[in-house]
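Have the sequence and the model open while you read.

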Amino acid sequence: MVNFKINNVEITAEDNTTILQAARKYHIDIPTLCNYPDLSIKSECRVCVVELQGQKKLFTSCSTIAREGMVVNTNSPKVLNARKTILELILANHDANCTACPKNLNCELQTLANKLGIDKNRFPTVLEVKPIDNSNPVLVRNINRCIKCGRCIDVCKNVQSMSVLDIMGRSKDAEITPAFGKYLSDESCTYCGQCSSVCPVGAIIEKDDTDQVWEALNNPNLHVIVQVAPAVRVSLGEELGMGPGSIVTEKIVSALKYLGFDAVYDTDFTADLTIIEEGNELIDRITNGGTLPMMTSCCPGWINFAEQRYPEILDHISSCKSPQQMFGALAKSYYPEKMNMDPSDVFVVSIMPCTAKKYEAQRKEMRIDNVNPDVDVVLTTRELGKMIRQMGINFENIQEVPFDKPFGITTGAAAIFGASGGVMEAALRTVYEVVNKEELVDINFASVRGLEGIKEAEVELGGQKVKVAVAHTLANAKILCEQVKAGTSPYTFIEIMTCPGGCIGGGGQPYGTTTEIREKRIAAIYQVDQDMAIRKSHENPDIKALYDEYLEKPLGQKSHHLLHTHYHSRNK
Amino acid sequence: MILLREILAKYPKEEEYLIEILLEYQTSKKNHYISEKDVNEISKHLDIPESQICSVISFYSLLSMVPKGRYVVQVCHDVPCFVNEAQSIYDKLVEILGIEDGETTEDNLFTLEITECLGCCNEAPAMRINEKVYTGLTPTKVEKLILDLRGEIK
Amino acid sequence: MIEMKVVSKRFGKINPLSIDSYIKSEGYQALEKAVSLHPTKIIEEIEKSKIRGRGGAGFPAHIKVRALSQESGQKFIVCNADEGEPGNFKDRMLMENDPHAILEGMIIIAYATGADRGYIYIRGEYQNAIKIMRATIKSAEENRFLGNNILDRGFNFNIEIRSGAGSYVCGEEFSMIESIEGKPGRSRTKPPFPTEKGIHNKPTLINNVETFANFPHIILNGGAKFAKIGTPSSTGTKLISLSGNVKNKGLYEVPFGTSIRDVIFTLGKGVKNNRAIKMVQLGGASGPIIPEYMLDMSIDFDRFETFDSKTGTGAIIVIDDRFDIFDILLINMKFFVYQSCGKCTPCREGHTQIVNLINKFINHRASEKDLMSLENLANVIQQTSLCGLGQTSMTSIISSLRYFRDDFFAKVRY
């Protein structure tokens, strides 16, 4: 234990605690900027400097370990002056046109400048305006806003093992860009959006597609429908000022109707459908000597990763489309038929916790008529939040309304798709009962839940012990892929999610996602599951009806045309 | 002409030799630079991301991803040379080469650069052309040097 | 006779490329003596000598050596031959004129600390020195002063040359370590220090070329004898890189305590064309600029510490009255703009703003507010920068504001 003082307050801390960590435990506020809870300590911005008695230099509290007898001052005139000067320096090399920035009022730099009382800058601007990277359908990079905190590099290199971005050059010419100073492209970036999730300012943001949605909503000739992903129901509340992990499912439906959508549907429905198709595919491969291990396919970031880095194992991946895309395919075939509409009058919007879904929606394979995308626009949780604020909706107090029919009945198995391990658990709940022809007494597979990087479970299927694995983040995916590539994988079925914690930690989720918040969202997802009347996908009567009415049978011809896809190598 | 793969084969397959490899390879090339293709090959060989290699090259001023002239002429302009008429050396070079700091002559023979202290302050002013350092310079000496180099090419 | 040749004793008297020439001149005798002593005895001698690092920081050498000897497992010794500080050429001349002495110093320390691997990090612009050091290592290996079972004492030590690639900041400890690891030279937070976690997070000792060159003398003649030379706080001799507008630019070796004036006028023979001295910059671009009336100051680490700067490289740059303080400051500040690694805010953004402010003074467009801004910014950069570059780059500005304040006021527009 260490005893020392901060601002004359006696502090007791464990060994190897930083001044910042100790201060936070005692609710002493030290401003930070480059610091982020789940990422490495950088001590680059120098905002968190404090004064140590007897020292002329100032020390960064994020990296300085507290020692016995230290006397720390976090607010001396010297410190306050240094902090202000550092902020002014940053602002002098930043595109500070806040009202033209999507992060206005939600920006860490702005908040800090305001907190430090900065209302003018002693330094003239030295910003040399560079072109904006607007070349891909998912992420926009505006380097003129970058404050070189390095969080994006950290998450891309260390959490995702992608290393798309790095810092090029030095001194004032230092810039964070992809290799060769090029623009982000689908040759090297998976569009997972984790960089946009951790960026403190507006330097990397998802492409704003809300204008397209407003246009569609205001077009009287279009029947605009929307699907809501599992993870969004435990996240949108947080985006609109409610606590993290608030379950707001039916508030979302209500808000979307208020925005003017003609019908509001649940992606959970096609998540159930995915389980039927994918479950049968797995059983088929196991029974008939197909390629194993089979790997899930609902995560577009993972698909991008596999196509770029592991094209040799693409035939392991399930041919099932993601729930988003299965919905889109049905929305442009079954749905207009049932509702007596022209497919071209149906406009499909999806609300996703994910940025890579924007890429997935415009893939050539995701057009059942080979011309028009099945999903027209993808909005992130954050973009939907923006639209709801624009309409002045009082979200917290809005009346709750259920999803529309058809596609109305969903299960708990579908809901848990939003958490890492959820797809696996949902699949096992169905596959177990179909293969073993007996009821699964305990439907909770606790060993595949939670935030551990790679999780395992063992299940008995038809008298055989079958091992399965679940990985989240691409760094962990890489480990399992190497095994599959080498032919040494001990697993039969593998679930891969790109984002930490699964979709609830997606690149399009509310800013400020930390481990703590991920845990709250995950807990909420499993609560939703627990509260559902039906917990297994194959018990969903609406799914049974869909097959009876339209699809005929799992893996049948119609399923194949609408609900399955293929992949291709991105290697040149 | 030395191939990149020959140089790669000389070093252990470890990240820590990246700078040595880049320096040796660049020195062997007539136009003193490392291309995208080179970066790609090194990336595959050492199993280092391309972005990281670009980060290294762009950090160090002796490494370049932009082609330069056959002779890279670097004039020191730090204080010990500056107070010893370094400006006149630079001006003379601008005059006879017809280019300014950062530029390359049309015939791709010379690139002119202003550089930092070369550690020859005892014989200031100094300049460096490729690997060689020249000291105790005067505008006349510089002119002769450049003429000699031009003559060598013919 | 104010010169005292210790580490420069052999300059011009031996063939630097001949190990025989070195051995005939007492070469490797210190090593032979060292390996007959217990390693702790060697560290004791270094402590008795009170020798401080010759790379600028002036840190007591025995502390680092003892710290490394107390670590276990893989350890490294690095010779810092990056010499990027403008105005300095002493390390280049040591490498070109007495290269084996540097190796001998490194091998002695390797023996004393248990390190078995060493690097000599030489700036890329010193191609000649790199060639010489490569040949010197080969020749030492052939004569079994390097390699396995050195002098049949059962200890191994191998040295690799690493070339710098044009980055001044790589002369800083952690930036150098990053560079040796094949990465951009961006520093790390301290603590932990290199002797705890350095190259590949293993204990690493980094010392300057001149520091290593001194160790053989300390072992051969004893630490107490070494401590008798110089001043109580700064023992031994210092290589002085004298440049600028003096008549006899060159490398000189004097005991600590010698005055700057003596070096300039007795050894340097005064100013060319007998002009008056406007200012003298000590140490290099990161050193203070002092006026003529301070030249009686003695060369001594403690005296330099009054400038809050690590100025102990021993460079003296004499500037005559043709030049203006701002000419010099502008060059120095542009140097730091170019050399900043870009990692931390005050250094990356601050130096550009300093250059802009200096230009305002040059163009007579500065206000009193700009003067305050300059002073404030210089202090903040010095107080908050991550590494030695930003922590010392403002020394010339701060010393100029103290000793040449009138020059600033003369350019202020009211």
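**Notes on the model**

1. Let's begin with chain B: of its contacts (heavy atoms within 4.5 Å) with a separation of 6 or more, 60% are between residues 24 or more positions apart. Before going on, some ground rules: this is a predicted model, where local features need pLDDT of at least 70, side-chain atom pairs count only at pLDDT 80 or more, and totals for chains, interfaces and linings use all residues. Residues are numbered from 1 along each chain as its sequence is written, chains are lettered from A and ligands numbered from 1 in the order in which they are written, and side-chain values use heavy atoms, leaving out hydrogens and water.

2. On confidence, the predictor gives the complex an ipTM of 0.96 and a pTM of 0.95. Chain C has a mean pLDDT (the predictor's confidence in each residue, from 0 to 100) of 95, with 99% of its residues at 70 or more.

3. Chain B has seven helices and four strands, in the order α-α-α-α-β-α-α-β-β-β-α along the sequence. Helices (H or I, at least four residues) and strands (E, at least two) are DSSP runs, numbered from the N terminus.

4. How much of chain B is buried? The share is 55% of its 154 residues, where buried means under 20% relative accessible area, exposed over 50%, and partly exposed in between (1.4 Å probe, protein chains only). The accessible surface of chain B is about 6900 Å², with 49% of that belonging to carbon and sulfur atoms; such areas come from the Shrake-Rupley method with a 1.4 Å probe, and for residues only the protein chains shown count as cover.

5. Now look at α2(B). Eight of its eleven residues are buried, so this helix is largely enclosed by the rest of the structure. What covers those buried residues? The cover includes α1 (4-10), α3 (36-46) and α4 (50-59) of chain B, along with α7 (127-142), β3 (158-163) and α8 (173-180) of chain C.

6. B:L22 counts as buried because its relative accessibility is 0%. Leaving aside residues up to four places away in sequence, B:L22 touches B:I34, B:I42, B:V56, B:I57 and B:L63. B:K68 is 46 residues from B:L22 in sequence, and their C-alpha atoms are 15 Å apart.

7. Over in chain A, helix α8 (residues 249-259) is mostly covered, with eight of its eleven residues buried. Among them are A:I252, A:V253 and A:L256. The cover over the buried residues of α8(A) includes α6 (210-217), β10 (223-228) and α14 (381-390) of chain A. Just after this helix, A:G260 takes a positive phi of about 115 degrees.

8. Last, the domains, whose bounds come from an automatic or database domain assignment. Chain A is given domain 1 (2-75), domain 2 (99-206) and domain 3 (211-563), and the C-alpha centres of its domains 1 and 3 lie 43 Å apart. Chain C is given domain 1 (19-227), domain 2 (239-320) and domain 3 (326-411). In chain C, 34 Å separate the C-alpha centres of domain 1 and domain 3, and eleven residues of domain 1 are in contact with nine residues of domain 3.
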